[in-house]
Amino acid sequence: MNGPTRRHRRLLGLPLLITALLAGACTDGGTDQGQGATTTPGAASTSAGTPSASPSTGGPVTIPKSAFVDLPAELRKSAPQPMQVADALPKLCAEEFATGGRSTAAAAMMSIYKTPKDPPENVPYGTLHQTVFAFAGAGAGDYLRRVRAALTPCRSFSEAGNPVTVRTQPLAGAGDEALLVTLTRPATGLDGTPVGGKATSQITVVRVADAVTVVHDQGWEGTSNNPDFADDFARAAVRGLDSWQR
């Protein structure tokens, strides 16, 4: 993998990326993949400071920014930005992480992160695409069961002509229940040409009470993520969901 070379280029493209995100951001969180809007009865919002009800209260549900991962300053490359739920949710063999319209609210954010020792001029280390779903009744637990069932037969798939292997395992100690999905693919250059070695990305699915978050951790520009961050991101996701639902 040629990650170190690409990650140490100067940060020329990031301002354009942030501008594009700000122009296309949608505060209602978008829609679940192919399943219609998932923001009823209350519109899901990522606006900070908006009054919000916990999914367990039975009232209108609004998902605030505080429900999302709050990266520490040493990892934060830029402020998180709203994104469409359909764009945030990963697709593997099919739409394994879609809710089928069963959530009462949904919202998504993208965070760009670095490593603690990266100088300011370095490109980012990676991105987090995070979706938060609120459910009523037993919906959150049912969602995890559906995701597990959908992932069981998905051992590999093709992406841009390259094989991607899928490994799903329980993630202990995160929320009420959690999964960790590791995707492994051939490392490629910016033009898609294989450069030797492997690259990984990881998806963490965590349930806390009546809410579930899906966090997709990807290395910058197709490079590998750092699996050592998986536990840290899962704990940060739990803190966000827990603080919202107190």
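The model is a predicted one, for which local features need pLDDT of at least 70 and side-chain atom pairs count only at pLDDT 80 or more, whereas totals for chains, interfaces and linings use all residues. Residues are numbered from 1 along each chain as its sequence is written, and side-chain values use heavy atoms, with hydrogens and water left out.

Asp217 is placed in strand E10, where helices (H or I, at least four residues) and strands (E, at least two) are DSSP runs numbered from the N terminus. With a relative accessibility of 3%, Asp217 counts as buried; the term buried denotes under 20% relative accessible area, exposed over 50%, and partly exposed the range in between, as computed with a 1.4 Å probe on protein chains only. A further polar contact, of 2.5 Å, links the side chain of Asp217 to that of Tyr113. When residues up to four places away in sequence are not counted, Asp217 touches Tyr113, Thr127, Leu128, Ser201, Gln202, Asn225, Asn226 and Phe233, contact being defined by heavy atoms within 4.5 Å.

Strand E10 spans residues 211-219, and because 8 of its 9 residues are buried, the strand is largely enclosed by the rest of the structure. Strand E5 (residues 126-134) pairs with E10 in the antiparallel sense over 9 bridges, two strands being taken to pair if DSSP finds at least two bridges between them. Within this pairing, Gly126 stands opposite Gly219 of E10. Strand E9 (residues 194-208) also pairs with E10 in the antiparallel sense, over 7 bridges, and here Gln202 stands opposite Asp217. The hairpin of E9 and E10 has 2 residues between the strands, and in it Ala209 takes a positive phi near 55 degrees.

Ser201, which is found in strand E9, is buried, with a relative accessible area of 3%. Its contacts, residues up to four places away in sequence again being left out, are with Val181, Thr182, Leu183, Arg185, His216, Asp217, Gln218 and Asn225. The side chain of Ser201 makes a polar contact of 3.4 Å with the side chain of Arg185. The C-alpha atoms of Ser201 and Asn226 are separated by 8.2 Å, although these residues are 25 residues apart along the chain.

Arg185 also takes part in a salt bridge, its side chain meeting that of Glu159 at 3.0 Å, N to O; a salt bridge is a side-chain nitrogen of Lys or Arg within 4 Å of a carboxyl oxygen of Asp or Glu. This pair links distant parts of the chain, with Arg185 in strand E8 (residues 177-188) and Glu159 in strand E6 (residues 156-159), 26 residues apart. Arg185 is buried, with a relative accessible area of 17%, whereas Glu159, at 35%, counts as partly exposed.

In total, the structure holds 8 salt bridges. One of them joins the side chains of Asp176 and Arg207 at 3.7 Å, N to O. Asp176 lies in the loop between strand E7 (162-170) and E8 and Arg207 lies in strand E9, so the pair ties together parts that are 31 residues apart in sequence. Asp176 is partly exposed, with a relative accessible area of 49%, while Arg207, at 18% relative accessibility, counts as buried.

Another salt bridge, of 2.2 Å from N to O, is formed by the side chains of Arg145 and Asp142. These two residues are 3 residues apart in helix H4 (residues 139-151) and are therefore separated by about one helical turn. Asp142 is partly exposed, with a relative accessible area of 30%. Helix H4 has 13 residues and reaches 18 Å from its first C-alpha to its last, close to the expected 18 Å, the expected span being 1.5 Å times one less than the number of residues. Gly139, Ala140, Gly141, Tyr143, Leu144, Val147 and Leu151 are buried in H4, and the buried residues of this helix pack against E5, E7, E8, E9 and E10.

Methods: A polar contact is a pair of N or O atoms within 3.5 Å; within protein, one must be able to donate a hydrogen and the other to accept it, and residues adjacent in sequence count only if both atoms are side-chain atoms.
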